[in-house]
Amino acid sequence: QVQLVESGGGLVQPGGSLRLSCAASGRIDSISAMGWYRQAPGKQREWVARITRAGRTNYADSVKGRFTISRLNAMNTVVLQMNSLKPEDTAVYYCNAEGTAEYWGRGTQVTVSS
C-alpha cells in the first residue's frame, strides 16, 4: 500500500505562483511514476503532469511551460511548481502514484482569482 498526502494549495491571484507537494509513504519502492491530476467544478478529472522514477517528465498541453514537476528523495516527495496561474487552473489537485496498483491522495484546492 502507498499513502499520498498533498499540501500547498490555496488562493492566488492570476499570474501568481503556487507550489504543491505530495508526500508518499508505505511501499514507496513499488512506485514507478507519480503525477498530478485536477478536477474543476462540473468537469471530469484531467491529467496535469507525470514524472517517472527515472526522472522523465510529461505535461498536459494546457500547463506546458508554466508548471514543473519534480521529485525529492527518489519517490518520497513530488512537487508541482505552478507559475503564471490562470483562473482556468482553479481545481482540486490530486496526487497520483503508479505501482502495483494506482493510488490517490485526497486532493488540495487551488483557486486562482482576483
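This is a predicted model: local features need pLDDT of at least 70, side-chain atom pairs count only at pLDDT 80 or more; totals for chains, interfaces and linings use all residues.
Residues are numbered from 1 along each chain as its sequence is written, and side-chain values use heavy atoms, with hydrogens and water left out.

**Entry 1: around β11**

I looked up who pairs with β11. β9 (91-98) is joined to β11 (108-112) by three bridges, running antiparallel. Strand β2 (residues 10-12) also pairs with β11, but in the parallel sense, again over three bridges. In that pairing Leu-11 has Thr-111 as its bridge partner. For my own record: strands are DSSP runs (E, at least two residues), numbered from the N terminus, and two strands pair if DSSP finds at least two bridges between them.

Then I checked the faces of β11. Thr-108, Val-110 and Val-112 make up the covered face, while Gln-109 and Thr-111 are on the uncovered one.

**Entry 2: the four-stranded sheet**

Next I traced an open sheet of four strands, in the order β1-β3-β8-β7 with antiparallel pairing. β1 (2-7) and β7 (67-72) are the edge strands with a single partner each, so one side of each has no neighbour in the sheet. Direction ignored, neighbouring strands here are turned by 15° against each other on average; the axes behind that angle are lines fitted to C-alpha atoms.

Six bridges connect β7 to β8 (residues 77-82), and the two run antiparallel. Arg-71 finds its bridge partner in β8 at Val-78.

**Entry 3: the disulfide**

How many disulfides does a search of the whole structure find? It finds one, taking a disulfide as a pair of cysteine sulfur atoms within 2.5 Å. The pair is Cys-22 and Cys-95, with sulfur atoms 2.0 Å apart. Cys-22 sits in strand β3 (residues 18-26) and Cys-95 in β9, so the link ties together parts that are 73 residues apart in sequence. I noted -85° about the S-S bond, a left-handed link. Both cysteines are buried; buried is under 20% relative accessible area, exposed over 50%, partly exposed in between (1.4 Å probe, protein chains only).

**Entry 4: Gly-105**

I moved to the loop between β10 (102-104) and β11, where Gly-105 is found. Gly-105 counts as buried at 9% relative accessibility. Leaving out residues up to four places away in sequence, Gly-105 touches Leu-4, Glu-6, Tyr-94 and Cys-95, with contact meaning heavy atoms within 4.5 Å. I also took the C-alpha separation of Gly-105 and Thr-90: 18 Å in space, for 15 residues in sequence.

Is Asp-89 buried or exposed? Asp-89 counts as buried, at 1% relative accessibility. Its side chain reaches the backbone nitrogen of Lys-86 at 2.8 Å. Beyond four places in sequence, Asp-89 touches Arg-38, Arg-66, Phe-67, Ser-84, Val-110 and Val-112.

Ser-84 is found in this loop too, between β8 and β9. At 41% relative accessibility I logged Ser-84 as partly exposed. I flagged its phi near 50°, positive in a residue other than glycine. Most residues other than glycine have a negative phi.

Conventions: Axes are lines fitted to C-alpha atoms, for helices over the stretch in contact, and angles run from 0 to 180 degrees between N-to-C directions. A polar contact is a pair of N or O atoms within 3.5 Å; within protein, one must be able to donate a hydrogen and the other to accept it, and residues adjacent in sequence count only if both atoms are side-chain atoms.
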